[in-house]
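Let us read a structure together, one feature at a time. Keep the sequence and the 3D view open as we go.

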Amino acid sequence: MSQATMEIKRISGHAGSVPGAGTSRDYDVCKLIDTTTCIGCKACEVACLEWNGYGFTQTSFNNSYQTMPDTAWNYWNLIRFNEYEHPDHGLMLLMRKDQCMHCEEPGCLEACPADAAIVQYANGIVDFQEDHCIGCGYCMTGCPFNIPKFSPTARKVFKCTLCVDRVSQGLEPACIKSCPTGCLHFGSKEDMSYLANRRAKQLQEHSNFPNAGVYDPPGVGGTHVIYVLHDKTIPEAYGGLPADPHIPWSVKLWKHPLKWLGNLAMIGGLVGLAVHYLRFGPKVVPGADKFPEHEGPRP
Amino acid sequence: MSRDESQILPDGRLLRYTYVERLIHWLAAISYVYLLLTGLAFWSPWLYWMAVMLGGGTISRELHPWAGLIFFVAVLAMWRMWAFEMNVTDNDKQWFSQVKHYISNEDEKTPPQDRFNAGQKSLFWGFVVCGILLLLSGLVLWFPNYIPWNLRWVRYLAVLIHPAAALITIGLFLIHLYMGLAIEEGALHSIVGGDVSQSWAKEFHRLWYDRVLRSTPSASAGANPPARK
């Protein structure tokens, strides 16, 4: 959590190597969200708005406690409320704090074409640099969690920064600070994983939740925001948490095989044309004047 | 379908492209080159400097879709003007089977061609089909925030189709540029000034040449070009 961990690890749309990569020892951060002790008070939603300087926007009522249907470009943190009829536990009111997951292999960064618009720090934080963002929205297509949101006024994309400005100063993210039940924790990935697994084991052994577990999806290389779930087998019930998130295959296909095939074809085509010219040269028109005899265009 | 307005000009040269045809060609050409440069900038970080040269990534992202609309309108106009003459015939299939002679500049061994040869027809239909694909996928990429999450597969398709179709047009464009600038003397002038010499027409577009001469018999005297003024 020191400033040393704000060393840059990966940069979007960037030609060449990443300056300073790998110069200090790994120390990554992690946010732990224990959905089993969340009471849905939304203090984290308020703290997020306050710290990041956004005002309250219009809320909507849809037969639940949820503030609005989805996160927004100026509303990065939203508790999703879901009623779920569980075969073993009966009716459950599931509450999940939804925000950027800060993937170890970020789909947004993979898809982004703008140099340095998305940066991944060595501590795991994936941060958008809006001054470099060109507003293409490819990050929205690359993200498996539906997190980046386009601002029609700024014409750029915004999302949770994991309070990079606080973390770089040795503080915890604003949402963590505001949580009254202690369901939110912040620390190193190693410590948070340990804490999460211990809590899951406690739920299994003492609270009759045999399927309790930690959500740290390997499909995106693990995340720097992890959940403790009552039932790990039904992540979708927690407001659409994907069971096996990964960067969309079409984005991978586009950014790797298609790109290399395309580059090869374009360079090969240019070389081929040059070779053709050297071998065969221009077509000679017998008896034709090399240059037109008149001046100026025709009707 | 507009009809072919090719004719023999008073000085004996042949009018190959009318003013409107040339105008639309250059509208397509200029918009395409802008699309190509900004598109390549988004394609690879190593080419991002192209967007920087053209006013920056944000401006390029804002203008690229509008240039795309202009390009599509130009392609649509070309389709209206030329689709009839671009019909692929048996003659064209024969031309393709002997394309190696065309490549090695032994044009006399290829079947005589009408106003557009089979290669030009391929270019035309390639750009029409890819133009439609680029427009449809481009609209999705223009407004990704309007594609709801449960229809995200549309975005997944668009990010693949758009560059794939663009790559095909780049191949066609490179060959087109090479033919027009380096291979066929007089081809560039034909799309700027509009006219070609009779020997050029006879060499590359024999059927068209015969047709033009037949349709304007009174002017066939021009077959012997008058002396320069």
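Q: In which loop does Ala116(A) lie?
A: Start with the source: this is a predicted model. To place a residue, look for the elements on either side. Ala116(A) sits in the loop that runs between α2 (107-111) and β5 (118-121) of chain A.

Q: Why does Ala116(A) count as partly exposed?
A: Count neighbours around the residue. Ala116(A) has 17 C-beta neighbours inside 10 Å, so it counts as partly exposed.

Q: Where is Asn208(A), and what is its phi?
A: Asn208(A) is in the loop between α6 and β10 of chain A. Its phi is positive, about 60°, and Asn208(A) is not a glycine.

Q: How do strands of a sheet pair?
A: They pair through backbone hydrogen bonds, either parallel or antiparallel. Now take a case. Strand β3 (residues 78-86) of chain A and strand β4 (residues 90-98) of chain A pair in the antiparallel sense, over nine bridges.

Q: What joins β3(A) to β4(A)?
A: Follow the chain out of one strand and into its partner. A hairpin makes the link here, through three residues.

Q: What is the order of the strands in the open sheet of four strands in chain A?
A: The order is β9-β2-β11-β10, and the pairing is mixed. The edge strands are β9 (184-188) and β10 (213-215) of chain A, each of which pairs on one side only. From one strand to the next, the twist averages 25°.

Q: How many bridges join β2 to β11 of chain A?
A: Compare the strand directions too. Strand β2 (residues 29-34) and strand β11 (residues 225-229) of chain A run parallel, and four bridges join them. One residue pair shows this: Asp34(A) has Val228(A) in β11(A) as its bridge partner.

Q: Which helix packs on the sheet?
A: Look for a helix that touches the strands. Helix α6 (residues 189-206) of chain A packs on this sheet, touching β2, β9, β10 and β11 of chain A. The direction of α6 makes about 135° with that of β9(A).

Q: How many helices and strands does chain A have?
A: Count each kind along the chain. Chain A has seven helices and eleven strands. Of its 299 residues, 43% count as buried.

Q: What is the radius of gyration of chain A?
A: Set the value beside a reference. Chain A has 26 Å, whereas a compact globule of 299 residues would be near 19 Å. Along its principal axes, the C-alpha trace of chain A spans about 95 × 50 × 40 Å.

Q: How many helices and strands does chain B have?
A: Count again. Chain B has ten helices and three strands. Along the sequence they follow the pattern β-β-α-α-α-α-α-α-α-α-β-α-α. Of the 229 residues of chain B, 34% count as buried. The C-alpha trace of chain B spans about 70 × 40 × 35 Å along its principal axes.

Q: How many residues of chain A are in contact with chain B?
A: Count each side of the interface. The contact involves 44 residues of chain A and 45 residues of chain B. On the side of chain A, α7(A) gives the most, with 14 residues. That side divides into 26 nonpolar, eleven polar and seven charged residues.

Terms used: Residues are numbered from 1 along each chain as its sequence is written. Chains are lettered from A and ligands numbered from 1 in the order in which they are written. This is a predicted model: local features need pLDDT of at least 70, side-chain atom pairs count only at pLDDT 80 or more; totals for chains, interfaces and linings use all residues. Two residues are in contact if their C-beta atoms, placed from the backbone, lie within 7 Å. Helices (H or I, at least four residues) and strands (E, at least two) are DSSP runs, numbered from the N terminus. Ala, Val, Leu, Ile, Met, Phe, Trp, Tyr, Cys and Pro count as nonpolar, Asp, Glu, Lys and Arg as charged, and the others, Gly among them, as polar. Two strands pair if DSSP finds at least two bridges between them. A residue is buried if 20 or more other C-beta atoms lie within 10 Å of its own, exposed if 12 or fewer, and partly exposed in between; C-beta atoms are placed from the backbone. The radius of gyration is taken over C-alpha atoms; the globule rule is 2.2 Å times the number of residues to the power 0.38. Axes are lines fitted to C-alpha atoms, for helices over the stretch in contact, and angles run from 0 to 180 degrees between N-to-C directions.
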